[in-house]
Structures are given as structure tokens and as C-alpha cells.
Amino acid sequence: MIDVFAHVLPPKFLAQMLQIDSNVLEKNSWMKNPLLTDIDKRLATMQPNQQEILSMVNLNPEDFVDGDQAATLCEAANEELQQIASNSTSSFPAVVAMLPMNNIAEAMAIIDSQVINNPLVAGVQLFTRAIGKEITDESFSPLFAKMAESGKPIWLHPVFDKRKSDNNLTFSWEYEQTLAMNQIVTKNFFTKYPGLKIIVHHAGAMVPYFARRIFYIQGEARYEAFKHFYVDTAVLGNSKAIEMAVDFFGEDHVLFGTDTPLGIKPNGPTSVIKQSLDQSNLTSIQKEKIFTGNWQQLIQRIK
């Protein structure tokens, strides 16, 4: 069982961010979860056959500091992530790198130095918006081109659009995720950047449910383009939602991912999401692909 969307907030990185803004945890109370930072406690909650691909929570340096400092923080955070994985490779076989989105030149350099030829770093994490721009803004295009060329995936995680006054965790992130996917499709990123791989959180958000609306309003070509995304199973235990994701994106493009340790207290949603998969109407072959096979195939193609 390989969880491709598992979050951490490593202690050294957190300490650095608290020096910059001492109220950062008060502003993001859900980040106070001890399993994000205490790796020994985290390991103690994991099942014997459970592995996690570690990515940072959305505490992004570019939201707090200038481009040079953001790059330094991201590089150090990526090193800390790798050290955590190196100390427990049987539990954490790979990590996902951070990038400073207010310093694209240094972000490209980080991909070169810390990602491309590093077997411990599976890819990079981007967010649906960065520094007040949509993720498909032209200034970010070099990152998509670089990652498509590398063959390694981009993890796409939602964040709030700060222009909106009614943001909430239940619905806003799913809307922002869907909107970013739509922007990627309408700007023809999968054609423009051949080989681009994007792993989307929360089972593709609204896309599977509104698939036929996409088909009839946007047309067959864009409908098919949405199927290029890979998605996870982080819907907090909804068997039918996972089945819809498989129906739309295909059984080869759905990966086990939970958002752990967030979503369900105290230890995260892993057991609930596993149970929802076990109880779904998917075949045993489809379940095996989701739990482990699709990730292994994705990594094999990178190699």
C-alpha cells in the first residue's frame, strides 16, 4: 500500500518559518497536527505494509519572503525531506520537492540539482495558485516544460484564492483544484508539453462528477484531455467517488493517496480510505493497481 499524497511539516523547516512569522501555526491551526512534524510518532501510526511518498503541507516560502530567501528555504526543506526518507526508506521510499515560485530561475536550478537525477525525489509539488497568479500563468511555464522533459510528475495541490472572502476547506479547495485542471486543459498543456505527468489531489475534485457536462459544453477533445491527469483517492472514505474517478480517468491513472495525517483525527484517514477501496465494486485487479501497481508503473517509466 503506497500512499502518494502524504504530508509532513519537518521540524527544522517549521522552526525557520516560525522565525519569519511567529503566528504561522495560529493562522493555520490544522498544521498543529503532531504527526506532521514528529516523525517517530508518525511511524508508530503506520501499518506494517504502508509506505508514504512525502510532500510538504502548503506552507510556502514565497508567501512570506523574497525570492532569494524562498529559494534557500526550499533547498534546505528538500534536504530535510530527503533525510527523513533516508532514515526510514522502508516507510518513506520517496519525497516530493518544494519550489520557490517567486524565483523561477532558482526553481529551475533546484529541479536540476535536487530532482532530475535524484532517485529519492519523485517529482515536485505545485499549487493551484502562486504569488497571486493561476498556476498556468506564463511565468510558470518553464517549470511545466522542465518537468515534462524530466519525465517526473508534478503533484498539484489546491490552495485558497485569497481574493475570495468565503474560502472554506470543505468546498473551496475542490473548486480551486477543478479550476486549475480546467486551466491546464484549456491552455493545451498536455499537447504543449509532451510527456507531462500531473498527479491531482482529492480524486480529481469535481471533474468525474461533472464529466458529461465537460463533454457537452467543452467538447470531446477537452473531455479526453482531462483524462491525462493522474488522481489520488483522498476523498475521506467515499467508495462511489473513487469508482467514478476510475470510470473517468481510467484504472491506470488512479493512485492510492490519503492526505494523511490530515482530514480525520487523530491519525489521519488512511484506514478509512483503505476500507472504502476494499468495500468498493472495483475488481481485485483494479484495487491492486490503485494500492501499489500504478505507482510502481509510473516510477518505472521515469527510470
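Pro 142 counts as partly exposed, at 32% relative accessibility. This is a predicted model, so keep that in mind throughout. Pro 142 sits in helix 7, residues 141-150. Leaving out residues up to four places away in sequence, Pro 142 touches Ile 104 and Met 108. Pro 142 and Asn 267 are 125 residues apart in sequence. In space, their C-alpha atoms are 38 Å apart.

Next, the core. The largest nonpolar core has 81 residues. Which of them touch the most other members? They are Leu 9, Leu 99, Phe 144, Leu 196, Ile 198 and Phe 229. Which helix gives the most to this core? Helix 5, residues 67-87, with seven residues. In soluble globular proteins, nonpolar side chains tend to be buried together.

Look at Leu 99 in detail. Set aside its neighbours within four places in sequence. Leu 99 is then in contact with Glu 62, Cys 74, Ala 107, Ile 110, Ile 111, Val 124, Leu 126 and Leu 143.

Helix 1 brings Pro 11, Lys 12, Phe 13, Gln 16, Met 17 and Ile 20 to the contact. Helix 5 brings Gln 69, Leu 73, Ala 76, Ala 77 and Glu 80. By class, this contact has seven nonpolar, two polar and two charged residues.

On to His 7. His 7 is in strand 1, residues 2-8. Buried or exposed? Buried, at 1% relative accessibility. The His 7 side chain makes a polar contact with the side chain of His 157, at 3.4 Å. The side chain of His 7 also reaches the backbone oxygen of Met 56, at 3.5 Å.

Asp 259 has a positive phi of about 75°, although it is not a glycine. Asp 259 is buried, with a relative accessible area of 10%. Then comes a cis peptide bond, from Thr 260 to Pro 261, with omega near 5°. Pro 261 is in the loop between helix 12, residues 239-249, and helix 13. Another cis bond runs from Lys 265 to Pro 266, with omega near 0°. Pro 266 also lies between helix 12 and helix 13.

There is a positive phi elsewhere, at Ala 205, near 55°. Ala 205 lies in the loop between strand 8, residues 198-200, and helix 10, residues 211-218.

Now helix 12 itself. At its start, a side-chain oxygen of Asn 238 reaches to within 3.2 Å of the backbone nitrogen of Lys 240. Just after helix 12, Gly 250 takes a positive phi of about 100°. Which residues of helix 12 are buried? Ser 239, Ile 242, Glu 243, Ala 245, Val 246, Phe 248 and Phe 249. What covers them? The cover includes helix 8, helix 10, helix 11, strand 9, helix 13 and helix 14.

Last, helix 13 with helix 14. Helix 13 spans residues 270-278, and helix 14 spans residues 284-302. They pack at an angle of about 155°, with their axes 10 Å apart. That makes helix 13 roughly antiparallel to helix 14. From helix 13, the contact uses Lys 274, Leu 277 and Asp 278. From helix 14, it uses Lys 287, Ile 290 and Phe 291. These residues divide into three nonpolar, no polar and three charged.

Methods. Residues numbered from 1 in each chain as written. Predicted model: local features only at pLDDT ≥ 70, side-chain atom pairs only at ≥ 80, totals over all residues. Heavy atoms only, no water. Axes fitted to C-alpha atoms, helices over the stretch in contact; angles between N-to-C directions. Helix = DSSP H or I, 4+ residues; strand = E, 2+ residues; numbered from the N terminus. Parallel < 35°, antiparallel > 145°, perpendicular 65-115°, else oblique. Contact = heavy atoms within 4.5 Å. Nonpolar A, V, L, I, M, F, W, Y, C, P; charged D, E, K, R; others polar. Core = buried A, V, L, I, M, F, W, Y, C linked by side-chain atoms within 4.5 Å. Buried < 20%, exposed > 50% of the residue type's maximum accessible area, 1.4 Å probe, protein only. Polar contact = N/O pair within 3.5 Å; in protein donor to acceptor, adjacent residues only side chain to side chain.
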